[in-house]
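Please keep the structure open as you go through the points.

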Amino acid sequence: MENLLTDAHAPLRVNGIEISASDIDAAVAELADAPGPGEAPAADVAQTARYALAIRELVRQRAVELGVPIDTDRPDTMADAVFAKEVVTPVATPEESRRYYEQHRERFTSGELVHASHILFGVTGRAPLALVRAKAEETLNAILQAPDQFESLARERSNCPSAQVGGSLGQLDRDSCVPEFAQGIFGSQETGVLPRLIKTRFGFHLVRIDHRVPGTLIPFDAVKDDVATMLTEQVRLRATRQYVLLLAAQAELEGVSFAPADGPLVQ
């Protein structure tokens with residue numbers, strides 16, 4: 001994602017309306033306190049805060065034009081009312097839902113279990129990402145050459161409490177993992193040390209699959225409504241992003257810029 005702002009202290013204006021420095025500081029503080037996988041650089045937090053405030057002001061101004069009630073204490077409700085008026089979201093058809101189900105059958109498998117171990121190279125914001133990845137890849141290559149080193153290297157290098165037990169995570173199901181990790185270990189027949197890193201919000205993982213317990217495929221009729229809801233929500237989010245980009249393209253902005261299709265457009 002490109003930097004949205006070159007000067008974190010520049011005035012922020014949307015169609016001539018200036019957003020106060022105190023509002024920017026409050027947004028920065030809120031983002032800085034939000035839970036996340038390590039510390040983001042201060043400049044990135046400041047830019048994201050300005051980005052979110054600019055979006056909020058764009059939507060507020062459009063709400064005024066549409067005659068939508070303005071409630072500054074509940075900006076999300078105001079935004080939802082604007083989007084409901086102007087963003088058309090087609091509902092997923094049964095055919096689209098069935099196609100998604102058939103293409104992602106592993107996601108609808110119940111009871112699948114994986115016994116796994118890992119070595120985590122954590123991303124904290126203090127070390128460059130490339131350096132962390134390089135160290136993880138170096139360790140992976142060493143383990144692929146000598147798999148019996150896994151436990152000792154986990155104790156030595158892993159940034160997870162599981163290091164104390166040689167990296168063992170025990171028995172896992174999909175709901176016990178963050179989605180990125182679950183996607184990397186479920187839905188296949190692989191066992192042993194995986195020949196690739198799995199990147200999650202916490203960092204880079206070296207994974208060893210010790211044992212698998214197959215699951216049972218849930219019938220389409222039991223999940224079709226959930227699939228349709230998920231697909232419709234994905235379309236709604238894409239349409240909302242495009243709508244916000246259109247508002248930004250038509251506005252006079254100072255202190256912030258919008259890169260097409262990049263970043264969290266709606267905060």
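Helix α5 passes α6 in a right-handed crossing (left-handed if the near helix is turned anticlockwise from the far one by less than a right angle, right-handed if clockwise). This is a predicted model, in which local features need pLDDT of at least 70 and side-chain atom pairs count only at pLDDT 80 or more, while totals for chains, interfaces and linings use all residues. Residues are numbered from 1 along each chain as its sequence is written, and side-chain values use heavy atoms, leaving out hydrogens and water. Helices (H or I, at least four residues) and strands (E, at least two) are DSSP runs, numbered from the N terminus.

**The α5 and α6 pair**
- The axes of α5 (residues 129–145) and α6 (residues 150–157) come within 10 Å and cross at roughly 160°; axes are lines fitted to C-alpha atoms, for helices over the stretch in contact, with angles from 0 to 180 degrees between N-to-C directions.

**Helix α3 and its two faces**
- Buried residues of α3 are Pro 75, Met 78, Ala 79, Val 82 and Phe 83 (buried means under 20% relative accessible area, exposed over 50%, partly exposed in between, with a 1.4 Å probe and protein chains only).
- These residues lie on the same side of α3, because they cover an arc of only 135° around the axis, taken from the directions from the helix axis to the C-beta atoms.
- Turned away from that buried side, the other face of α3 carries the exposed residues Asp 76, Ala 84 and Lys 85.

**Strands around β8**
- Strand β8 (residues 203–213) is mostly covered, with eight of its 11 residues buried.
- β4 and β8 pair in the antiparallel sense over 10 bridges; strands pair if DSSP finds at least two bridges between them.
- Phe 121 belongs to strand β4 (residues 113–122) and stands opposite Phe 204 in β8.
- Phe 121 counts as buried because its relative accessibility is 6%.
- Strand β7 (residues 198–200) runs antiparallel to β8 and is joined to it by three bridges, and the two form a hairpin with two residues between them.
- Lys 199 also stands opposite Phe 204 in β8.

**A separate open sheet**
- Three strands make an open sheet in the order β2-β1-β10, with antiparallel pairing.
- Its edge strands, β2 (17–19) and β10 (253–254), each pair on one side only.
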